[in-house]
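Have the sequence and the view open beside you, and take the points in order.

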Amino acid sequence: MRIGPARTAGLLPGLLGLLLATASPANPAAPATDTDSPTVAALAGQREWLQLLHYTPSWLPGRLRNFVDDPDFFLSPRGPHDPAAELAATLDALRRDPATQCRFPARRQWLVARLPGLAATLPAAHCAEYEEWRRVLAVREAVLVFASSYLNSPSSMYGHTFLRFDSAAPERRTPLLAWALNFGATVPPDENGFVYAWRGLFGGYPGQFAAGPYFEKLREYSRLESRDLWEYRLNLDAAELDRLLAHAWELRAINFDYYFFDENCSLRLLELLDVARPGHDLADQFPNYAIPIDTVRAVIDAGMVTDVAWRPATRSTLRWQIAQLDAGERQLARRLADDAGADPQAFAALEPARQRLVAEVAYQYLRDRAVHAVPDAALARQNFALLQLLERTAAATAPPAPPRPAAPETGHRTGLAALAAGTEESRAFGDLEWRISYHDLLDPPAGYPAGASLNMARMVLRLKEGGTLQLQRLDALEITSLAARDQFFRSWSWRVNAGLERQWTDGDDILVTQANGGFGGSWAPLPSLLLFALGTGRLEVNHALDRSLDLAPGLAAGLRLESPAGITLASADFYHFTGGEDRRALALRHELALGANLGLRLQLERRVNEHDRVDEASLALRYHF
Amino acid sequence: MKRILMVAALMGVSAGALAEAPGGPNCGWGNMLMNGQSGLGAHVVASLTNGTSGNATFGMTTGTNGCSANGKLTYGGKSLIGAVMDEFSEDVARGDGEALTAVAVAMGVDEADRTAFKQLMHDNFATLFPSADVTAEQVSERVVELMRSNDQLARYVS
């Protein structure tokens with residue numbers, strides 16, 4: 001950072017010029033070191049100051065805590081808890097050291113606007129690095145980008161959000177050359193793999209903002225992880241963008257607390273938007289956890305979004321193109337992907353537009369497979385041969401773009417409350433269900449990834465005939481990922497679940513602690529029908545079993561059918577405990593959507609073991625809030 | 001190094017737009033077709049954390065990676081075509097696409113001339129991509145050479 005000794009501050013010439021012009025030397029700002037000064041105290045209590053410093057109310061009334069976990073962000077040792085001390089120290093440092101103005105341009109801007117006369121008392125600062133950064137970014141517009149759910153990674157299961165800054169510079173004015181500002185963990189280079197996996201899963205890396213080219217984000221999300229991107233264009237004006245970027249600069253290389261399971265990249269972005277456009281207090285709407293799509297909804301509800309664009313993942317487009325092929329063309333495309341010279345007569349016999357579609361599918365399919373392959377000479381040759389094939393067919397009509405699916409923010413909301421009435425063993429019961437998040441295989445599917453179920457913190461309380469109230473189940477976590485296998489994609493299906501649940505054992509209804517998982521395959525003989533079969537395993541703590549901690553391998557199979565009458569899920573489960581007990585369960589569930597956030601669900605279930613045969617039927621009204 | 005100097009000479013070491021070779025040595029050059037992907041390790045890192053590995057930049061062109069940032073076909077100090085080689089090759093084969101647009105935009109090609117740019121690249125697919133082991137450096141050179149020998153587009157590289 002270079003400081004020009006005798007230059008006027010050139011940070012934001014227009015704005016500053018205006019501020020300097022209105023500053024009155026006869027009205028100097030309050031003494032900087034005086035924390036008790038009424039001006040300082042009043043300013044430090046303002047929401048905008050608290051937001052610039054990332055304070056948030058703590059559990060203790062009247063106390064503040066801070067999300068920033070980095071002494072470099074604070075100018076006062078008391079800064080992390082004391083906004084007034086930090087404000088006084090900031091004023092002091094701004095006056096003492098021109099570098100502070102360059103380090104904290106948003107704080108400077110905010111204070112100068114509120115303390116008439118402050119600007120005149122500040123030393124001249126020439127913020128070369130900051131200005132160069134702003135010049136390179138040349139931000140014209142900001143876009144909030146939502147990357148859809150990715151079940152294979154704990155930090156991305158609920159999706160992810162980041163900001164994109166579109167440039168005003170003529171040689172950068174296209175989305176691919178925009179910059180992305182992302183909040184995520186920062187991993188040291190050459191980190192040991194095991195340490196990485198552990199800390200990646202359970203936290204331990206600091207979170208930081210990082211900016212990089214949007215095309216790298218596209219490669220990461222669209223190509224490598226096959227996640228659709230949704231781009232929400234924001235209506236931030238020049239002054240708001242200026243505040244946002246000035247504050248983002250203050251957060252450069254600043255460490256935040258970062259926890260993966262309560263995903264907070266999205267919360268960090270809301271804090272930036274709160275600084276950009278004060279008054280909406282977006283971050284305050286999420287005191288406990290911030291599910292990315294809920295934060296997108298909050299930004300939309302605040303009137304900040306002008307339009308929504310969909311950018312399908314490479315594989316989404318490929319899957320759609322495959323679906324446009326007939327069986328013969330599909331076979332041909334699949335063979336061409338392995339050998340670009342396969343069956344030239346069959347290829348030549350196709351209409352030009354079909355040739356192009358087949359070439360597209362063959363090429364994209366090879367690229368899709370190559371994403372996770374180690375590149376070698378043979379793969380490169382085949383890739384090149386298909387590229388040539390693509391070029392030869394390019395004169396024909398391009399295949400139409402895939403139809404846009406329902407946008408994620410139009411899907412059902414993420415919380416759930418349900419009331420059910422039913423019978424278990426001919427005795428009536430009522431259930432009250434509450435789920436913090438997110439979506440299961442029967443919930444209204446619009447806006448959510450197909451074949452995916454992700455639920456955390458689900459609780460069912462049951463009131464039984466006769467007045468007994470009991471905890472029926474408590475799921476800490478439930479994830480199911482059913483991805484259909486076909487001649488192109490050898491996807492795996494899997495599920496995990498852990499929590500407390502009721503199991504009839506030896507004639508008693510027992511609350512057991514259990515964890516189970518499964519791994520297998522799914523097949524889609526029709527677009528609306530998915531069949532699945534999994535090998536499973538279960539660990540259960542249950543004092544009524546022969547072994548109170550027992551392990552059971554098992555099998556599960558079922559089907560999921562989408563029809564105009566709703567969604568049907570039928571499943572059969574079998575477990576054999578090492579202590580000898582066998583357990584079977586058959587279930588039929590059907591949900592009829594009554595609206596985007598309302599559904600009626602019928603459940604029929606039979607559970608059988610050596611001593612018990614329990615039939616249960618219930619009807620539930622489910623509301624997503 | 002010698003080759004890069006030669007390219008710089010070809011592109012006209014002058015006060016002109018391409019005063020320096022795009023990028024520089026050790027700047028992500030030599031990316032061959034199909035080698036542009038980051039490895040699986042880097043992907044796992046990124047997907048587990050939503051984060052970045054190593055020198056997390058802040059979109060600054062100066063600094064850590066030893067690249068010259070003055071060429072037009074650079075982005076954040078890296079070779080643009082090297083960074084989007086796969087996407088660019090596909091788009092050239094098709095004659096359209098976002099990566100092709102991005103290269104046109106980075107070269108300063110006005111909107112009115114972009115169709116001509118895309119057509120020129122597509123018509124010369126075999127020149128740009130003569131083999132599977134063509135490097136990003138060679139492709140970048142040829143993009144410039146093609147533009148130079150085209151009446152409508154020469155002004156962007158003179």
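1. A word on terms before we begin: helices, runs of H or I of at least four residues, and strands, runs of E of at least two, are taken from DSSP and numbered from the N terminus. Please keep in mind as well that this is a predicted model.

2. Let's start with chain B. Its elements, read from the N terminus on, follow the order α-α-β-β-β-α-α-α-α-α-α, which amounts to 8 helices and 3 strands. Of the 158 residues in chain B, 51% are buried. If you take the contacts in chain B between residues at least 6 apart in sequence, 59% of them link residues at least 24 apart.

3. Now for chain A. Here you will find 18 helices and 21 strands. The chain has 625 residues, and 41% of them are buried. Among its contacts between residues at least 6 apart in sequence, 64% join residues at least 24 apart.

4. Next, a pair of helices in chain A. Two packed helices are described by the angle between their axes and the distance between the axes. For helix 12 (residues 265-276) of chain A and helix 13 (residues 292-301) of chain A, the axes come within 9 Å and cross at roughly 20°. Angles under 35 degrees count as roughly parallel, so helix 12 of chain A is roughly parallel to helix 13 of chain A. The crossing of these two helices is left-handed.

5. Which residues make the contact between helix 12 of chain A and helix 13 of chain A? From helix 12 of chain A come S266(A), L267(A), L269(A), L270(A) and L273(A), while helix 13 of chain A brings P292(A), T295(A), A298(A) and V299(A). Sorted by class, this contact has 7 nonpolar and 2 polar residues, with no charged ones.

6. The axes of helix 6 (residues 105-114) of chain A and helix 11 (residues 238-250) of chain A come within 7 Å and cross at roughly 130°. That angle makes helix 6 of chain A oblique to helix 11 of chain A. On one side of the contact are P105(A), A106(A), R107(A) and Q109(A) of helix 6 of chain A, and they meet R243(A), A246(A), H247(A), W249(A) and E250(A) of helix 11 of chain A. By class, the contact of helix 6 of chain A with helix 11 of chain A is made up of 4 nonpolar, 2 polar and 3 charged residues.

7. Turning to strands, have a look at strand 9 (residues 416-424) of chain A. It runs antiparallel to strand 10 (residues 427-439) of chain A, and 9 bridges join the two. In this pair, A417(A) stands opposite W434(A) of strand 10 of chain A. The hairpin of strand 9 and strand 10 of chain A has 2 residues between the strands, and E425(A) takes a positive phi near 55° there.

8. Strand 9 of chain A is also joined by 9 bridges to strand 21 (residues 613-624) of chain A, and these two strands run antiparallel. Here A420(A) stands opposite A620(A) of strand 21 of chain A.

9. Is E591(A) buried or exposed? E591(A) counts as buried because it has 22 C-beta neighbours inside 10 Å, and 20 or more is the cut-off. Its place is in strand 19 (residues 582-595) of chain A. Setting aside neighbours within four places in sequence, E591(A) is in contact with L442(A), G566(A), I567(A), G599(A), L600(A) and R601(A). E591(A) and F74(A), 517 residues apart in sequence, lie 53 Å apart in space, C-alpha to C-alpha.

10. With 18 other C-beta atoms within 10 Å, G566(A) is partly exposed. Not counting residues up to four places away in sequence, G566(A) touches H590(A), E591(A), L592(A) and A593(A). The C-alpha atoms of G566(A) and H590(A) are separated by 6.9 Å, with the two residues 24 apart along the chain.

11. Finally, consider P344(A), which lies in helix 16 (residues 344-348) of chain A. P344(A) has 10 other C-beta atoms within 10 Å, so it is exposed. P344(A) and G45(A) are 299 residues apart in sequence, and their C-alpha atoms are 75 Å apart in space.

Terms used: Residues numbered from 1 in each chain as written. Chains lettered and ligands numbered in written order. Predicted model: local features only at pLDDT ≥ 70, side-chain atom pairs only at ≥ 80, totals over all residues. Axes fitted to C-alpha atoms, helices over the stretch in contact; angles between N-to-C directions. Parallel < 35°, antiparallel > 145°, perpendicular 65-115°, else oblique. Left-handed = near helix turned anticlockwise from the far one by under 90°. Contact = placed C-beta atoms within 7 Å. Nonpolar A, V, L, I, M, F, W, Y, C, P; charged D, E, K, R; others polar. Buried ≥ 20, exposed ≤ 12 C-beta atoms within 10 Å, placed from the backbone. Pairing = 2+ DSSP bridges.
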